[in-house]
Amino acid sequence: MVSLKKKVSEKKDSKTRHEKTEATVRYLTATLIVFCVTTIYQRSIVMDAVDVNGETFAGDTVRCAIASGDNMYSKDLMTGFNYELLKKFAETDNCEVSIVSAQGEADYVDSLLNGTVDIVVLPQCDTSIAGISVSMPVEGNVWAVRSGRFSHIMEINLWISHISSSYEYDGLKDRFFGSYNPYRKSERGIRTRNISPYDDLIKKYASEMGWDWRMLAAVIYQESRFSINTRSSRGATGLMQVMPSTAEHYEVMDLLDPEQNIKAGTAHLKRLQRMFRGSDISNEEQIKFVLAAYNAGEGRIEDCRKFAAMQNLDSNRWEEIVKAIPEMSNETLLDSAGLKFGKFNGIETINYVDNVMDHYRTFCEICPA
């Protein structure tokens, strides 16, 4: 009899627990449904309020500015990284993209607010600016659009969320966030197959010139430390510090673009190479003369050769030219030399050639053929 009562009691307890569980599940389900419906409703209100047309970037030319602030003297290559991210965004989002980079203290926020720019890449700390909305963080940066462009920021965030979990993104980070200081690697005895984030482009254009690609990498390292955002006081721009007039001559319009910049720079190097070919200058000496002319201009180097010959020095050897250059600031000697470009303080050019050759030797050491 006791056993039967016990079973009945246990059955009632089990039923009670089951009923409580069902009630809890029903409550949670109802709560979840209310939450989802409320969220969707509230989101629809926001979208209706700020972005009635639900516009996307597809089919448009998206005007972008990168204001991450790096140059050849900084420790990172953030402009190059963000440049490639924006290019990939355009490819996958079926739109064209036009990209500029900020210099100095400029941040292009005013351009964003007045509608002349669509996206500005900013450091993550620069987000408390009235009138803009920002994306989720991307390696310490955010993509900013004008406030009220809900569909645009959603589109950007969805893309960032997708790309940042891909192998492609991991490869991009490896390219731009590694150390490319050849001397540090040499000191540590490190051997590598990668010299820069742009090895494939450098190999392509060095092959067209008939150069060892590590020599072209040495020129680019000297000019910009592989930063596309480098700009000189004279207006030379990008990886190979190409002047706008030089770019125009070679029909290159976008010097921020790594490939376009290297294309213009190597086209100019090839032209200089032809100037020194066919004479008694050896192949090794030709490269030194080309480097000197790339830095100082071909007219200056022709003046140097002419002046060296007048000093009974071998005008076909760079080391002999170097001996003559200090005297090219002596106006008394120059009066009788008839030099086209006159006085020349060539210390910068001597150092330039020495530095590039040092970079090349170090690249050969850390990246054997």
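Of the chain's 369 residues, 43% count as buried, meaning under 20% relative accessible area with a 1.4 Å probe and protein chains only, against over 50% for exposed and in between for partly exposed. This is a predicted model, where local features need pLDDT of at least 70, side-chain atom pairs count only at pLDDT 80 or more, and totals for chains, interfaces and linings use all residues. Residues are numbered from 1 along each chain as its sequence is written, and side-chain values use heavy atoms, with hydrogens and water left out.

The chain holds 15 helices and five strands. These are DSSP runs numbered from the N terminus: H or I of at least four residues for helices, E of at least two for strands.

Now take strand β3, residues 119–123. Five of its five residues are buried. Strand β1 (residues 61–66) runs parallel to β3, joined by three bridges. Strand β5 (residues 141–146) pairs with β3 in the antiparallel sense, over four bridges. Pairing requires at least two DSSP bridges between two strands. V121 links to both sides: I66 is its bridge partner, and W143 in β5 stands opposite V121.

What lies in the core? The largest nonpolar core has 87 residues, and I119, W143, I202, W211, L216 and M240 touch the most other members. A second, separate core has eleven residues, including A67, A102, L112 and V142. Such a core is a set of buried Ala, Val, Leu, Ile, Met, Phe, Trp, Tyr and Cys residues joined through side-chain atoms within 4.5 Å. In soluble globular proteins, nonpolar side chains tend to be buried together.
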